[in-house]
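Here are my notes for you to read beside the model. Please keep the sequence and the 3D view open as you go through the points.

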Amino acid sequence: MSAPQPSTPPSPAPAGVWPMYRAMVGIGLLCGLAIVTVFELTRPVIARNKAEALERAIFQVLPEARTSATFHLNDGRFEAGDGDGERLYAGYGDDGRLVGLALEARGMGYQDTVRLLYGYAPARDAVVGMWVLDSKETPGLGDKITSDEAFQRNFERLDVSLSADLSAVVHPIEVVKPGQKTEPWQIDGITGATISSVAVGNMLRQSTAYWIPRVRPHLDDFEQPEVETADEESENNDG
């Protein structure tokens with residue numbers, strides 16, 4: 001019977017592995033720190049740019065507005081400020097009176113989610129403007145929802161009149177084939193961008209069906225508060 005062979009000790013790792021491993025970990029940590037630092041430094045700039053873009057969009061969809069204010073839905077009422085509820089934006093004319101509300105809608109386009117803002121003018125019972133906030137639709141085709149002038153004219157006065165009890169939109173918005181619009185609640189689609197234009201119509205139909213019956217009975221919530229001047233405040237204090 002042969003004698004047992006002594007076990008062979010494991011070979012030591014090559015001398016260059018651990019320095020390389022430490023270098024890779026160090027580089028990874030530095031890269032991660034750099035990414036976090038850049039994100040934190042640019043976040044305020046990105047937030048400010050988004051706020052400015054939103055403000056421009058509000059005045060695009062509410063052409064008569066000169067100032068705006070943010071509101072949120074809270075327990076069936078609309079309160080000024082960002083808040084935790086769904087947001088919407090009131091636009092005011094030169095005289096401080098409410099001219100309309102800017103509301104957001106979103107849904108799937110041909111390639112990805114499309115976000116848009118539209119203006120609602122209660123005095124006209126109509127959508128009076130539409131602006132795409134975010135879209136990744138195909139250049140030259142789906143992105144015609146932002147560049148096609150004929151399509152944009154659909155939103156100069158798109159009827160969203162409510163029933164007598166203000167509970168529902170009488171004629172839900174619908175998209176028809178290009179050139180076949182006959183009713184004020186219809187949208188002429190875009191040749192070559194049918195899916196994207198129908199998606200916009202669907203978003204507006206769903207959003208207006210949700211929002212218009214909710215905001216129309218509560219327009220007083222959006223009245224711009226009168227700002228007391230320094231002279232008036234002094235007179236009130238003297239009195």
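**Notes on the fold, the cores and the pockets**

1. Seven strands make an open sheet in the order β2-β1-β3-β4-β5-β6-β7, with antiparallel pairing. At its edges stand β2 and β7 (158–159), each with a single partner strand, so one side of each has no neighbour in the sheet. Two strands are said to pair if DSSP finds at least two bridges between them.

2. A word on the source: this is a predicted model, in which local features need pLDDT of at least 70 and side-chain atom pairs count only at pLDDT 80 or more, while totals for chains, interfaces and linings use all residues. Residues are numbered from 1 along each chain as its sequence is written, and side-chain values use heavy atoms, with hydrogens and water left out.

3. For the overall layout, the protein has five helices and nine strands. Along the sequence they follow the pattern α-β-β-β-β-β-β-α-α-β-β-β-α-α. Helices (H or I, at least four residues) and strands (E, at least two) are DSSP runs, numbered from the N terminus.

4. With β2 (residues 77–80), β1 pairs in the antiparallel sense over four bridges, and here N74 has R77 as its bridge partner. β1 and β2 form a hairpin with two residues between them, and D75 in the turn has a positive phi of about 55 degrees.

5. D125, in the loop between β5 and β6, has a positive phi near 50 degrees although it is not glycine. L166 lies in the loop between β7 and β8 (174–176), and its phi, near 60 degrees, is also positive in a residue other than glycine. D125 counts as partly exposed because its relative accessibility is 25%, and L166 counts as partly exposed because its value is 32%. The cut-offs are under 20% relative accessible area for buried and over 50% for exposed, with partly exposed in between (1.4 Å probe, protein chains only).

6. Buried residues make up 30% of the 239 residues in the protein. The largest nonpolar core has 37 residues, of which L88, V200, L204 and F222 touch the most other members. The elements that give two or more residues to this core are β1 (67–74), β3, β4, β5 (113–121), β6 and α4, and α4 gives the most, with seven. A second, separate core of 11 residues includes A57, L62, A102 and V128. A nonpolar core here is a set of buried Ala, Val, Leu, Ile, Met, Phe, Trp, Tyr and Cys residues joined through side-chain atoms within 4.5 Å.

7. Which residues does L88 contact, leaving aside its neighbours within four places in sequence? They are A69, T70, F71, H72, F78, L101, A102, L103, W211, V215 and F222. Contact means heavy atoms within 4.5 Å. Across the protein, residues 24 or more positions apart account for 52% of the contacts with a separation of 6 or more.

8. The largest pocket has a volume of about 480 Å³. Of its 21 lining residues, L54, E104, R106, R115 and L133 are the closest to its centre. Two or more lining residues come from each of α1 (17–61), β3 (87–92), β4 (98–108), β6 (126–134) and α4 (194–215), and α1 gives the most, with six. By class, the lining has 10 nonpolar, three polar and eight charged residues. Ala, Val, Leu, Ile, Met, Phe, Trp, Tyr, Cys and Pro count as nonpolar, Asp, Glu, Lys and Arg as charged, and the others, Gly among them, as polar.

9. The second largest pocket holds about 240 Å³ of space. Among the 14 residues that line it, E64, V99, G100, A121 and R124 are the closest to its centre. β4 gives the most to this lining, with three residues, and the classes divide into 10 nonpolar, one polar and three charged. On a 1 Å grid over the protein atoms alone, a pocket is an open set of points where a 1.4 Å probe fits, with protein on both sides within 12 Å along at least five of seven lines, and lining residues have an atom within 4 Å of a point. Grid points are joined across faces, edges and corners, and a volume is the space filled by probe spheres set on the points.
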